[in-house]
Structures are given as structure tokens and as C-alpha cells.
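I opened this notebook to record which side-chain contacts I looked up, and in what order. The entries follow below the structure.

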Amino acid sequence: MGYSNEYKVIHRCARCGRKMVFATTRRFRINANKNRLDVWLIYQCQKCRHTLNIPLYERVPPQKIPAELYERLLANDEALAIRCGGGLSLFRRHHLEAEK
């Protein structure tokens, strides 16, 4: 069930082949590359479930992310995911079309 402050993303789905609505999964993906971290908020096509990862952090040293925040990211804290996806600045920064 969606919350009023969550945005959906209109983006070209690689599987569907056209612009589709992507909704948040309220989950994060974290990838470590040597001594750098990437963190994404995961969105999913509402038709075929293909995923879209929207970057929150790119190539940051682990010590730059506060320990409590890092633990919440690892635990897929739903409240944090809702907060991260609740502001237009994330979508504007990545030139994504978003709607309520």
C-alpha cells in the first residue's frame, strides 16, 4: 500500500520497451567496490516487475555514511526508504520524471 508522500517514477522499462510506472519496493541495494560504496533505492515496473535502481550514494567511502544510517540501509528500513523516496530532489538530481 502506498503512502501519500511516496513518488512513482515514469521511466522507460527495458523489458516492456516503453515508458512505464515504477513504484518503490521500499528496499535498498548496497554494493561495495574496493573501499567505496554505492547505495540505491529500488523501484519496480508495475507491469513486469523489472527493477530500476536510483542512486542515493555513489562511490563514497564507508566512513562517510553514519553508522546508524548504514545499519538502517542494510536492514532495508522501510521508514527510511519511504523518507528517501518522498522528496522530489532525488528524482530531479537524476533527471527522472516523478508523480504522486
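Which residues are linked in a network of salt bridges? I kept in mind that this is a predicted model, and I found that the network links Glu6, Arg26 and Glu78.

Entry on the first pair. I looked up arginine 26 and glutamate 6, whose side chains meet in a salt bridge with 2.9 Å from N to O. Arginine 26 belongs to strand β2, residues 19-33, while glutamate 6 sits in the segment before β1, so the pair ties together parts that are 20 residues apart in sequence. I then checked accessibility: arginine 26 is buried, because its relative accessible area of 15% falls under 20%. Glutamate 6 is buried as well, with a relative accessible area of 9%.

Entry on the second partner. Arginine 26 also forms a salt bridge with glutamate 78, where the closest N and O atoms are 3.6 Å apart. Since glutamate 78 lies in helix α2, residues 78-84, and arginine 26 in strand β2, this pair ties together parts that are 52 residues apart in sequence. I noted that glutamate 78 counts as partly exposed, at 38% relative accessibility.

Entry on another salt bridge. The count of salt bridges comes to 5, and one of them that I looked up joins the side chains of arginine 59 and aspartate 38, at 2.2 Å from N to O. This pair links distant parts of the chain, with arginine 59 in strand β4 (residues 51-60) and aspartate 38 in strand β3 (residues 36-45), 21 residues apart. Is aspartate 38 buried or exposed? I found aspartate 38 to be buried, with a relative accessible area of 5%, whereas arginine 59 counts as partly exposed at 45% relative accessibility.

Entry on the rings. In one of them, tyrosine 43 and phenylalanine 91 have ring centres 6.0 Å apart and planes at 85°, so I wrote the pair down as edge-to-face. Tyrosine 43 is in strand β3 and phenylalanine 91 in helix α3 (residues 88-93), so the contact ties together parts that are 48 residues apart in sequence. Both accessibility values went into my notes: tyrosine 43 counts as buried at 1%, and phenylalanine 91 counts as buried at 0%.

Entry on the ring cluster. Ring pairs link Tyr7, Tyr43 and Phe91 into a cluster. What sits over the ring of tyrosine 7? I found the charged end of lysine 100 there, 4.5 Å from the centre of the ring.

Key
Residues are numbered from 1 along each chain as its sequence is written. This is a predicted model: local features need pLDDT of at least 70, side-chain atom pairs count only at pLDDT 80 or more; totals for chains, interfaces and linings use all residues. Side-chain values use heavy atoms; hydrogens and water are left out. A salt bridge is a side-chain nitrogen of Lys or Arg within 4 Å of a carboxyl oxygen of Asp or Glu. Helices (H or I, at least four residues) and strands (E, at least two) are DSSP runs, numbered from the N terminus. Buried means under 20% relative accessible area, exposed over 50%, partly exposed in between (1.4 Å probe, protein chains only). Rings of Phe, Tyr and Trp (its six-membered ring) pair if their centres lie within 6.5 Å; planes under 30 degrees apart count as stacked, over 60 as edge-to-face and the rest as tilted. A charge sits over a ring if NZ of Lys or CZ of Arg is within 6 Å of the ring centre and within 35 degrees of the ring normal.
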